[in-house]
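Biologist: I'd like to go through this model with you. Can we start with the holes inside, then move on to a few residues?
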Amino acid sequence: MPEITILKRPREEAVITQRMFFKKTARGKVMKVLRERYLRDDISCGVYGCRACNATAQTVLPRSGDTTHKDFPTGHYILPDTNVFLAQMDLIESNYFTPPIIVLQTVMEEVRHRSLPLYSRLKALTTTDERKVWVFYNEFRSETAIVREDNETPNDRNDRGIRKAAEWYNTHLTLAHPPIRGQPKLALPEVVLITDDFANRQKAEKEKIPCISVRNYVDGMKNSDQLLDLLSATGSDEVEPTRAVAGRTALYADYLPMSTLVAGVKAGQLHQGHFNANQYNYLEGTVPVPAFTKPVLLVGRENMNRAVQGDVVVVEVFDEREWKAPADEVIDQEATLKNDDAEDSEEEGEDLMVHEHEFKALRAEHAKKAPAEKQPTGRVVGIIKRNWRAYVCHIDSTSLTSSNATSLGLQTVFATPVSRLLPRIRLRTRQAPSLVGNKILVTIDRWEITSRYPEGHFVRTLGKAESKEAEQESLLLEFEVPYRPFGKAILDCLPPEGEQWVVPPKSATFPEWKDRADLRDLIICSIDPPGCQDIDDALHARRLTNGNIEAGVHIADVSHFVHPETAMDNEAAARGSTVYLVDKRIDMLPALLGTNLCSLRPHVERLAFSVIWEMTVDAEIVDVRFTKSVIASKAAFEYGEAQLRKDDPKLNDNLTQSIRLLNSLAQKLKAKRMAAGALNLASPEVKIHLDSSESSDPVDVEQKALHETNSLVEEFMLLANTSVARKTQESFPQTSVLRRHLPPPPTNFEKLQDILQKRKGLKLDVSSSGALADSLDKCIDPTEPAFNTLVRIMATRCMLSAEYFNSGSVSRDTFGHYGLASPIYTHFTSPIRRYADVLVHRQLAAAIGYTPLHPSLHSKMHVERIMEVINRRHRMAQMAGRASVEFYVGLALKGRNEREKEVTEDAFVIRTFRNGLGVFVSKLGLEGLVMFKRDTQFDAENYTISVPSSDIGRPDVTISVFDKVTVRIEVEKDKNTQRGRVKMTLVSPVDSRAL
């Protein structure tokens, strides 16, 4: 029998291996937590060929390090501290920045604590094959593990741990490169601590640890010209402020301390919400807060106080006597500030001139407003969370100094974001002349109280403005769409058979057939938009012997291939949704699944998740069952093809009968929904005709045609989603993934109600979804058939957005979907392109006992976190799709401008301003501004504007909201930004070019 010896650990060793901290529980109780960490001496340094480390350990760092830096000719590795990754990630990620990097565990954990998005980028950097990055677990290596000393701050403890690791590495490298007898002693590579913390550098120098600041390190690199522009101003204590910032008086108030903000919000004295900039007036913004039915209005730069679109801000609301109404004038930032100087824009004379110009515009706007139009008004007093990221911009060519127009010296210029919701960004760059005419990425670093503009740094060039490649990438970046190729770890999750994978023959020995219904003999077909490759739904209907009808919806069984907590699942969760652009698709899942193995192609056996109802001929549901299945679709139709087949009296085969049966049920299902108060809303949808399947050049634009079969598919998808929602919520009342559409506040409709009443004498009842639906049906203009659609589009814009939510996180009475008039709803029918549907599939599979539910979907906190991500991704995907359509409409119009002498289209006036009109061209789904330079008579109360007639001696022409006008559409190139811009002018009832 072997002898067992138990050794008692010395107390001084326990201090090193134990980590103690205090944790506050949800009830406010303080708990002492003691965690043991097991220290080892076999954690590899990551250097190739190191004789002191385990020979079998993985290594990524080259033996001699990097020898190209002028300050470290014998070779080196860099070891950045936490703040370098927090402030200089754009530099670290650059393809020009190639030294081998050692990332400490201490740094990884601190970055994760400070910024999850930056942590994700750092983690991705450590896994890429193109870079030499080694993660060293210094907290678990016996020689580098440290404990926090008495009276030592966590930050100081981490800095000491980073220096300790750097010191150990330099000692360890002498063991990795032992001297060889008879040969001269080799110069060893160094591990260089990179930090912008001056105090930390002083301590490192005292401990004889090689160290350097980020700027000095970049200065010594061979390609420093390309890298210096990437330096963030916030990361370095050596960056000179621009003359515009240095020595200036404050333009904005300082933010209140975070503790004051939190206490004020909790007490109800301050209010928290997201800042939304005004796209028509850069001097206004709003912050929706729960305490008021209308958002808090922010008027003027001082009151917006450096808030940027999407920031989570805290506002102070003024006394009600100071409340104002939103402006009625279009105030364009580029036009107002076109003569501002990037370097000297805060000079006294110019500052007063610009300030006076802005003050005059605001004073004119808010002088006389009806009390009913006024809304809570306030100012930003603090920022809870910044929404700063990389923005797509153009260099303002007028901001280049004439003497430096061809110089590569450092100069300060303006970067104008593509989005009208963002302020101009002051940028210091050596590449300004070469960047003019390009789309570039710029990140905001800081916004001082002495500067009218935020300061940022150049990240990279996307390409020439107006080139399709640059425009497409900029669109994806602008809406934060993940578009990187799927990595090896993700592709390794796919079936090893690849495209040769097939459903195996029916047998109990194959797991694919476990508890699956064999529905291969059913007459099933799919009906989709033209060109659809990711077919995730199919349908069938047949008469039963008892006189009822069996109808089924069959959805691609994506969850069979995408398993929880795998690399592919994590990537799908991060992407959240497939993004559809005009000429390409950014997939949520690898194409092998989306367009092949999961796609319900015709005449191929596929795994599915089926919802099958027994209905009466009046579409009353008798029974519903859910089952995993194997199907073989008999046909894949486009909407138009299915419509022709349904309407063809000569066809009477089983497939055609199935489509007709489905259509008859769909009509009855829709009638019931409408009777229950469902809304029939509208959105402008157009179809872009491309030159050919190989070309992405648009040749024409037309409104999308809607067929009866569109409604057929929609009704059965809605029914499936509703049926599944009931089932999963019954089984998992605390964590089921659902979708809701909250009723809009009545105040959202006030403006539209007033316009309809004054301009058309029509009443819009918004007391319920049913009342709204009825009154929308009555909004008819006998002389203009398109009027009703226009009103529905405007009503849609008054709605709140639908959202995914966790059933255990909100009260049961808020589950409903207002637009569909359904008490409960979810998304089940598109798992190839929506991650929410994948989660619902997993929950439904568990609800019917097919598989146990993964533990993560039992966690309310986990589900809530995923809902937050996919809600954001869903919104961004929608906006990216619309922006893509808008870009291609612009290209098509540009082509028409070249072919035709003049492009004119009918449009409706949807908004009136003091100096212009907002118009909507329904044929193109395009919204635009018609601006007037001459004085006009504006009647805000009656939504009219009177402009001088084109004909001399004729009376002024009055134009109102809902009037039909004819507009001239041109695509002109902005001389400054070099980007094409749609410009609209009136042709009728007056030619506005004279105005």
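Modeller: First, a term: a cavity is a set of grid points where a 1.4 Å probe fits but cannot get out. Also, this is a predicted model.

Biologist: Fine. How many cavities of 30 Å³ or more are there?
Modeller: The count comes to six.

Biologist: What volume does the largest cavity have?
Modeller: About 230 Å³. It is lined by 18 residues. The closest to its centre are Tyr282, Met304, Ala307, Pro423 and Trp447.

Biologist: How does that lining divide into nonpolar, polar and charged?
Modeller: Twelve residues of the lining are nonpolar, three are polar and three are charged.

Biologist: And what is the volume of the second largest cavity?
Modeller: About 40 Å³.

Biologist: Which residues line the second largest cavity?
Modeller: Ile78, Pro80, Val84, Leu91, Ile92, Phe97, Ile194, Val214, Tyr217 and Val218. By class, that lining has ten nonpolar residues, with no polar and no charged ones.

Biologist: Which helices and strands supply at least two residues each there?
Modeller: Strand S3 (76–80), helix H3 (89–93) and helix H8 (214–219).

Biologist: Which one gives the most?
Modeller: H8 does, with three residues.

Biologist: New topic: Thr377. Where is its place?
Modeller: Thr377 is in strand S13, residues 377–385.

Biologist: Is Thr377 buried or exposed?
Modeller: Buried. Its relative accessible area is 1%, and buried means under 20%, so Thr377 qualifies.

Biologist: Which backbone nitrogen lies 2.8 Å from a polar atom of the Thr377 side chain?
Modeller: That of Lys324.

Biologist: What else is Thr377 in contact with, leaving aside neighbours within four places in sequence?
Modeller: Besides Lys324, the contacts are Val296, Leu297, Val299, Glu316, Val317, Phe318, Glu322 and Trp323.

Biologist: Last one, helix H24. How many of its ten residues are buried?
Modeller: Eight, in a helix that runs over residues 787–796. H24 is mostly covered.

Biologist: Which residues of H24 are the buried ones?
Modeller: Phe787, Asn788, Leu790, Val791, Arg792, Ile793, Met794 and Ala795.

Terms used
Residues numbered from 1 in each chain as written. Predicted model: local features only at pLDDT ≥ 70, side-chain atom pairs only at ≥ 80, totals over all residues. Heavy atoms only, no water. 1 Å grid on protein atoms, 1.4 Å probe; cavity = no way out; pocket = protein on both sides within 12 Å on 5 of 7 lines; lining within 4 Å. Points joined across faces, edges and corners; volume = space filled by probe spheres on them. Nonpolar A, V, L, I, M, F, W, Y, C, P; charged D, E, K, R; others polar. Helix = DSSP H or I, 4+ residues; strand = E, 2+ residues; numbered from the N terminus. Buried < 20%, exposed > 50% of the residue type's maximum accessible area, 1.4 Å probe, protein only. Polar contact = N/O pair within 3.5 Å; in protein donor to acceptor, adjacent residues only side chain to side chain. Contact = heavy atoms within 4.5 Å.
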